[in-house]
Amino acid sequence: MSLISDHIEEVILGLLAANDGEAKFKRSGIAELLECAPSQISYVIQTRFNYGQGYTTESRRGEGGYIIVRQIKSDPEAQELRHFAYNIKDTLAEKETEVMLRNLNQAGIITDDLLTVMQAVSSELSRLNIDSARRDKLRADLLRAMLMALLASDYGKNLKKE
């Protein structure tokens with residue numbers, strides 16, 4: 001006998017396969033289909049469809065809410081970027097971030113335009129009136145989120161072309 005979690009995962013994997021790696025759905029819709037609680041859907045998404053498993057998620061709460069699960073591309077450059085994003089420290093100083101971004105650019109992983117945008121985000125955090133520990137944690141979280149968003153996007157259009 002299979003666990004409800006396995007059935008939920010199968011449904012989401014089916015949606016991903018049918019929609020080129022992107023599944024948009026209502027949590028309540030899957031809950032009704034499988035006769036389970038919406039919280040069970042949330043549990044499966046958190047444990048089986050996260051960065052470490054190769055997915056990004058986006059959600060909007062409320063009556064018109066939805067969940068989007070995107071499969072992260074699996075080509076070698078995407079795997080390298082995913083590994084890099086997943087292993088970012090909990091905090092990053094502005095100088096550390098600058099070095100990391102320049103290295104990603106020089107390795108051909110991010111374009112000059114993306115480098116400029118990411119540098120701007122990092123440096124703007126220095127203007128916030130918050131303590132440095134909180135700012136450095138926010139910088140690390142934002143860098144990780146930007147890299148994961150890049151992975152979830154149409155990756156080929158965002159890579160620096162040789």
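1. Helix axes here are lines fitted to C-alpha atoms, taken for helices over the stretch in contact, and angles between N-to-C directions run from 0 to 180 degrees. This is a predicted model. Helix H2 covers residues 27-34, and helix H3 covers residues 38-48. Their axes come within 8 Å and cross at roughly 110°. Angles of 65 to 115 degrees count as roughly perpendicular, so H2 is roughly perpendicular to H3. The crossing of H2 past H3 is right-handed.

2. Now the overall layout. The chain holds eight helices and three strands. In sequence order the pattern reads α-β-α-α-β-β-α-α-α-α-α. The C-alpha trace spans about 50 × 40 × 30 Å along its principal axes. Of the 162 residues in the chain, 33% are buried.

3. Next, the pairing of S2 with S3. S2 spans residues 55-60 and S3 spans residues 66-71. Six bridges link them in the antiparallel sense. Glu58 stands opposite Ile68 in S3. The hairpin of S2 and S3 has five residues between the strands. Gly62 in this hairpin takes a positive phi near 105°.

4. S1 also pairs with S3. These two strands run antiparallel and are joined by four bridges. Glu22 has Arg70 in S3 as its bridge partner. As a rule, side chains in a regular strand alternate between the two faces of the sheet.

5. Which residues make up the aromatic pair, and why is it called edge-to-face? The count is one aromatic pair. Its members are Phe49 and Tyr55, with ring centres 4.8 Å apart. Their planes stand at 65°, and planes over 60 degrees apart count as edge-to-face, so the pair gets that label.

6. Are Phe49 and Tyr55 buried or exposed? The cut-off for buried is under 20% relative accessible area. Phe49 has 1% relative accessibility, so Phe49 counts as buried. Tyr55 has a relative accessible area of 10%, so Tyr55 is buried too.

7. Lys24 lies over the face of Tyr66, at 4.3 Å from the ring centre.

Methods:
Residues numbered from 1 in each chain as written. Predicted model: local features only at pLDDT ≥ 70, side-chain atom pairs only at ≥ 80, totals over all residues. Heavy atoms only, no water. Pairing = 2+ DSSP bridges. Phe/Tyr/Trp six-rings, centres within 6.5 Å; stacked < 30°, edge-to-face > 60°. Buried < 20%, exposed > 50% of the residue type's maximum accessible area, 1.4 Å probe, protein only. Lys NZ or Arg CZ within 6 Å of the ring centre and 35° of its normal. Parallel < 35°, antiparallel > 145°, perpendicular 65-115°, else oblique. Left-handed = near helix turned anticlockwise from the far one by under 90°.
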